[in-house]
Amino acid sequence: MIRINLDIMMAKRHISAGTLAERIELTPANLSILKNNKAKAIRFSTLNALCRELQCQPGDILEYVEDDGRQEE
Amino acid sequence: MNSSSMSKNMKGDLALTKFAIIAMSVISVGLMLAGPRLIHYVMLRQSPLFEGRTRYILLLLGGYVSGFLMLYCLYVLMGLVKRIGDGDVFVRANVNSLNRVSLIILTAAVILLFLGLTCITSMVAVSVMAAFMTLIVRVVRDAFLRAVEMQDELDYTI
């Protein structure tokens, strides 16, 4: 599965969820979905905005981890 | 065709469908009230199996059960049309409604097939049509289900 390490990058950059949501023009609810690994897909435009504001690469936000056998909901 | 004329067309279609559902409900109630009189005419025709009182009771019972199924089906359809009118098109409730409608039609098809084989042969044709209608409704239900899944996925695309 793909894990979103957004909270780690946000902590590294000392940026709050509200501020980031405002900067990348996303609603706080949608950012929360993303941050909590509930999203089913991410747009390139969102990824682009995240990388721009967090000054990182997509690989810093997205990480592949082995499935633990449970089916994704 | 622009979106406003499409929306106007859709509203017109929904209003017409609601009118048709109400009209069908009135007709169904009327047919149920006139049940014994109608069966009197049916009894004049040839029967493939049962005769006399057994045939009369089976026809009356089958007619009433089918009538109540029809009314329930129309009630479910009215709910479906109302939700679509409110803008809730690809939602689970609509999939459930279509599933219920298909099961009601299937039940009616079985009842009509029984009546067709035992009391009045022409009912077999109606039963076959109802069975075909069941398949069509199930295809529409499956399409709605796929659309609901796609909508879910879209809602979680950030």
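User: Which residues is Tyr156(B) in contact with, leaving aside its neighbours within four places in sequence?

Analyst: Tyr156(B) is in contact with Ile33(A), Lys38(A), Ala39(A) and Lys40(A). The model is a predicted one. Contact here means C-beta atoms within 7 Å. Tyr156(B) sits in the segment after α5 of chain B.

User: What makes Tyr156(B) count as buried, exposed or partly exposed?

Analyst: Tyr156(B) has 15 C-beta neighbours inside 10 Å. Buried needs 20 or more, and exposed needs 12 or fewer. The value falls in between, so Tyr156(B) is partly exposed.

User: How far is the C-alpha atom of Tyr156(B) from that of Leu98(B)?

Analyst: The two C-alpha atoms are separated by 25 Å. Along the chain, Tyr156(B) and Leu98(B) are 58 residues apart.

User: How many residues of chain A are in contact with chain B?

Analyst: On the chain A side there are 11, in contact with four residues of chain B. Helix α3 (residues 28–35) of chain A gives the largest share of the chain A side, three residues. By class, that side has six nonpolar, two polar and three charged residues.

User: Why is Glu25(A) called exposed?

Analyst: Glu25(A) has 9 C-beta neighbours inside 10 Å. The limit for exposed is 12 or fewer. The count meets that limit, so Glu25(A) is exposed. Glu25(A) lies in the loop between α2 (17–23) and α3 of chain A. Its phi is positive, about 55 degrees, although Glu25(A) is not a glycine.

User: What makes Asn37(A) partly exposed?

Analyst: Asn37(A) has 14 other C-beta atoms within 10 Å. Asn37(A) is in the loop between α3 and α4 (44–54) of chain A. Asn37(A) is not a glycine, yet has a positive phi of about 60 degrees.

User: Why is α4(B) called roughly antiparallel to α5(B)?

Analyst: Helix α4 (residues 92–118) and helix α5 (residues 123–155) of chain B pack at about 165 degrees, with axes 8 Å apart. Angles over 145 count as roughly antiparallel. The angle is past that cut-off, so α4(B) is roughly antiparallel to α5(B). The crossing of α4(B) past α5(B) is left-handed. Their contact has 22 nonpolar, six polar and three charged residues.

User: Which residues touch the most other members of the largest nonpolar core?

Analyst: Cys73(B), Val101(B), Ile105(B), Ala108(B), Leu112(B) and Leu115(B) do, in a core of 19 residues. The elements giving two or more residues are α3 (52–85), α4 and α5 of chain B. The largest share, nine residues, comes from α4(B). Beyond four places in sequence, Ile105(B) is in contact with Cys73(B), Ala130(B), Met133(B), Thr134(B) and Val137(B). Another core, of 10 residues, lies apart and includes Met10(A), Leu34(A), Ala39(A) and Leu50(A).

Key: Residues numbered from 1 in each chain as written. Chains lettered and ligands numbered in written order. Predicted model: local features only at pLDDT ≥ 70, side-chain atom pairs only at ≥ 80, totals over all residues. Contact = placed C-beta atoms within 7 Å. Helix = DSSP H or I, 4+ residues; strand = E, 2+ residues; numbered from the N terminus. Nonpolar A, V, L, I, M, F, W, Y, C, P; charged D, E, K, R; others polar. Axes fitted to C-alpha atoms, helices over the stretch in contact; angles between N-to-C directions. Parallel < 35°, antiparallel > 145°, perpendicular 65-115°, else oblique. Left-handed = near helix turned anticlockwise from the far one by under 90°. Core = buried A, V, L, I, M, F, W, Y, C linked by C-beta atoms within 7 Å.
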